[in-house]
Amino acid sequence: MAKSQVISMDFIMAFVIYLFALSFFFFSMQGILATGASASLDVPSELMFGKLEIVENEDYDFLDSSKVDDAKLTKFMEDFNPRKTYDFFFVDFEDFRQFTRIDYCVYLERINENSTDILRNVAASKDHPSQDYSIMVTPEFKCGQQEKMLYQGIANKEYPRCSPSSKSESVVLTKPVLYKGEIVNLKVLICAEKR
Amino acid sequence: MKKRCRAQIAMEYILIASLSLMILLGGAYFFRNYALESNDMVLQKRLGDVSNQILTKARKIYYYGPPSKSVLNVEMPPQIDSMFVLTTASQDEYHLGFRVLTSAGPKEFIFESDVPLEIEETIDCTTVGSPDYCSQGICGCTIERYYSAGIKNLKVEASDSCSMGSCIIIGEISPLIE
């Protein structure tokens, strides 16, 4: 065997062994990097409540710092539909890179020791002409369809909640406010469907 | 003279073969040990990563309050034998725990949680061979679907109807048939 042939054979063998080691390494590492970052619903609450406070039309300006004006809230709820409410407050929070849709439920909640009272609630969503929102208070009642929903007893404690789909993410932002002379929680429930 | 030379060559062959065998076997032994150790280290790192994802999300969702919910996509390594949530007897410390099969036998790892945890679908821990840590408090062991190898959709949901008041409920909501 010529000397050059021996050297080239060594090179080929070394290359094959190198390839084998490389493929073994990647085989053992497979799956470790398979999961990417999960979509996360990060909405800063200061911005959200700041947005709710800034309403150009005085008649609908129901939130003034930490006070909720019931007359203006009623007017707002009567005149607005979910799509308009969405465009009014929440369009800036769209995130189509991570989510296909985001729905909102704005509600006032009184917390007693033994019950949860939803005092008022209004929905905000986009492109749902059938008003088939993903937010619901119970499977029967959807956010925004009733002005007042009352739940008594700790066993029946219910919240507005998002669809139970494995693709849905939900976050509730809370701000204590003064409403009709009592301190209640102004809450914004955000339901998002992941891509 | 010719016979002696042949014998010498044969002896050299034997020496070279035994030397290379010694090096090869020694190398293989060290490589095997190193590979097993690395496997355990990789497993430990992956468990730490999975736990960190779950516990960070749990803390965030807990402070948002009910009904906040998030679904995490995590890949469970294949060596997990059981997964459990440990609450100390005094109910002021909470841990997420795993029992895994390492090269040195079964080993348990626990990760401290800042917020109370509960498992949505639990089973009696004795059916999965009661993790040792369970003797230090109250254990909730998950069903196999939570920790079997592969990608999991782990639901992290805030609730205030837990046995200790407010807590985070961990569930697994992967579709049964994809």
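Two residues are in contact here when they have heavy atoms within 4.5 Å. By that rule, the contact takes 29 residues from chain A and 21 residues from chain B. The model is a predicted one.

The size of an interface is often given as the accessible area lost when the parts come together. Between chain A and chain B the buried area is about 1800 Å², and carbon and sulfur atoms give 47% of that area.

Next come the polar links across this interface. Eight residue pairs, both at pLDDT 80 or more, are in polar contact between chain A and chain B. Which parts of chain A supply the side that touches chain B? Strand 8 (168-179) and strand 9 (182-194) of chain A each supply at least two residues of it. The largest share, seven residues, comes from strand 8 of chain A. Sorted by class, the side of chain A that touches chain B has 13 nonpolar, ten polar and six charged residues.

Side chains of opposite charge can pair when their charged atoms come close. One salt bridge is found across the interface of chain A and chain B. It joins B:K60 to A:D42, with the closest N and O atoms 2.2 Å apart.

Over all chains, the structure holds 16 salt bridges. One of them, in chain A, pairs A:E58 with A:K72, the closest N and O atoms being 4.0 Å apart. A:E58 is in the loop between helix 2 (45-53) and strand 1 (63-64) of chain A, while A:K72 is in helix 3 (residues 70-79), and the two are 14 residues apart. A:E58 is exposed, at a relative accessible area of 52%, and A:K72 is partly exposed at 24%.

In chain B, B:R145 forms a salt bridge with B:E121, where the closest N and O atoms are 3.2 Å apart. B:R145 lies in the loop between strand 7 (137-142) and strand 8 (150-162) of chain B and B:E121 in the loop between strand 5 (117-119) and strand 6 (122-123), so the bridge ties together parts 24 residues apart in sequence. B:R145 is partly exposed, with 27% relative accessibility, and B:E121 is partly exposed with 29%.

B:R145 also meets B:E172 in a salt bridge, at 2.9 Å from N to O. B:E172 belongs to strand 9 (residues 165-172) of chain B and is 27 residues from B:R145. Is B:E172 buried or exposed? With a relative accessible area of 3%, B:E172 is buried.

Finally, salt bridges with shared partners join A:D70, A:R120 and A:K180 into one network.

Definitions and conventions:
Residues are numbered from 1 along each chain as its sequence is written. Chains are lettered from A and ligands numbered from 1 in the order in which they are written. This is a predicted model: local features need pLDDT of at least 70, side-chain atom pairs count only at pLDDT 80 or more; totals for chains, interfaces and linings use all residues. Side-chain values use heavy atoms; hydrogens and water are left out. Buried area is the accessible area (1.4 Å probe) that two parts lose on being put together, summed over both. A salt bridge is a side-chain nitrogen of Lys or Arg within 4 Å of a carboxyl oxygen of Asp or Glu. A polar contact is a pair of N or O atoms within 3.5 Å; within protein, one must be able to donate a hydrogen and the other to accept it, and residues adjacent in sequence count only if both atoms are side-chain atoms. Helices (H or I, at least four residues) and strands (E, at least two) are DSSP runs, numbered from the N terminus. Ala, Val, Leu, Ile, Met, Phe, Trp, Tyr, Cys and Pro count as nonpolar, Asp, Glu, Lys and Arg as charged, and the others, Gly among them, as polar. Buried means under 20% relative accessible area, exposed over 50%, partly exposed in between (1.4 Å probe, protein chains only).
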